[in-house]
Amino acid sequence: LFSDIRGFTRMSERMQPEEVVLLLNEYFSLMIDIVFKYDGMLDKFIGDCVMAVFGAPEGHPDDAIRAVRTALEMRDAVRRFNDRRAKEGKEMIQAGIGINSGQAVAGSIGSQERMEYTVIGDNVNLASRLTWQSSPGRILICPGCRARLGDDFLYEARGPIAIKGIGAQPCGGLRNIPDGEVFSCPVKESVEGVIQYNAPTV
């Protein structure tokens, strides 16, 4: 899972350095709390982008569902974050999210002086590049992830989109439960790829 703040470079040029650091620290704290809630692993921060992994170093049968639920909560958290920033007269942020599932190489990579545990491979690259195709506030998933979600979600398919170095990929997106509607547990909802969660939370 990759989550990237849109237009952050230009936004940061309008801010004082201290404000940029404070914004990123607050944003990252919110995002990482959600990743950990679903037993994901924070792989790294890449500028203003969060990279999270589900399934390594320890896997779960429902890692894809955990990643999707993480993404939905991330989007909700950004909305609440923006509400607070708007009340404080601060500029709001928008993030796009991309998710893919599949085999990857996981392990400690680096030099003798410094090693970091991470995942690499084509499936990781696809998730990263998919993030750039996701418009602000949207979550895009690829067939590798979709195949692992079963019937817990509804989907809105998008036509194939061109991914540099990979070719056209059929993708879909996720939307959250419509504003104003309240459910005792998550219900099916429409997404630009995924729509809603259809299983009770225990």
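User: Which strand do 3 bridges join to S4?

Analyst: That strand is S7 (residues 139-141), which runs parallel to S4. Ile99 has Ile141 in S7 as its bridge partner.

User: How are the side chains of a strand to be read, and which residues point one way from S4?

Analyst: In a regular strand the side chains alternate between the two faces of the sheet. From S4, Ala95, Ile97 and Ile99 point one way, Gly96 and Gly98 the other way, and all are buried. Buried means under 20% relative accessible area, exposed over 50%, and partly exposed in between (1.4 Å probe, protein chains only). Strand S4 (residues 95-99) is thus mostly covered, with 5 of its 5 residues buried.

User: How many aromatic pairs does the count give?

Analyst: Rings of Phe, Tyr and Trp (its six-membered ring) pair if their centres lie within 6.5 Å; planes under 30 degrees apart count as stacked, over 60 as edge-to-face and the rest as tilted. The count here comes to 2 aromatic pairs. Tyr27 and Phe28 form a tilted pair, 5.7 Å centre to centre with 50 degrees between the planes.

User: Why is the pair of Phe28 and Phe45 stacked?

Analyst: The pair is stacked because the ring centres of Phe28 and Phe45 are 4.1 Å apart and the planes lie at 20 degrees. This pair links distant parts of the chain, 17 residues apart: Phe28 is in helix H2 (residues 17-37) and Phe45 in strand S2 (residues 41-46). Phe28 counts as buried because its relative accessibility is 9%, whereas Phe45, at 39%, counts as partly exposed. Ring pairs link Tyr27, Phe28 and Phe45 into a cluster.

User: Where in the chain is confidence lowest?

Analyst: pLDDT is the predictor's confidence in each residue, from 0 to 100. Confidence is lowest in strand S9 (residues 167-174), at a mean of 54, and highest in strand S3 (residues 49-53), at 97. Where pLDDT is low, the predicted coordinates should not be read in detail. The chain averages a pLDDT of 80, and 79% of the residues score at least 70.

Notes
Residues numbered from 1 in each chain as written. Heavy atoms only, no water. Helix = DSSP H or I, 4+ residues; strand = E, 2+ residues; numbered from the N terminus. Pairing = 2+ DSSP bridges.
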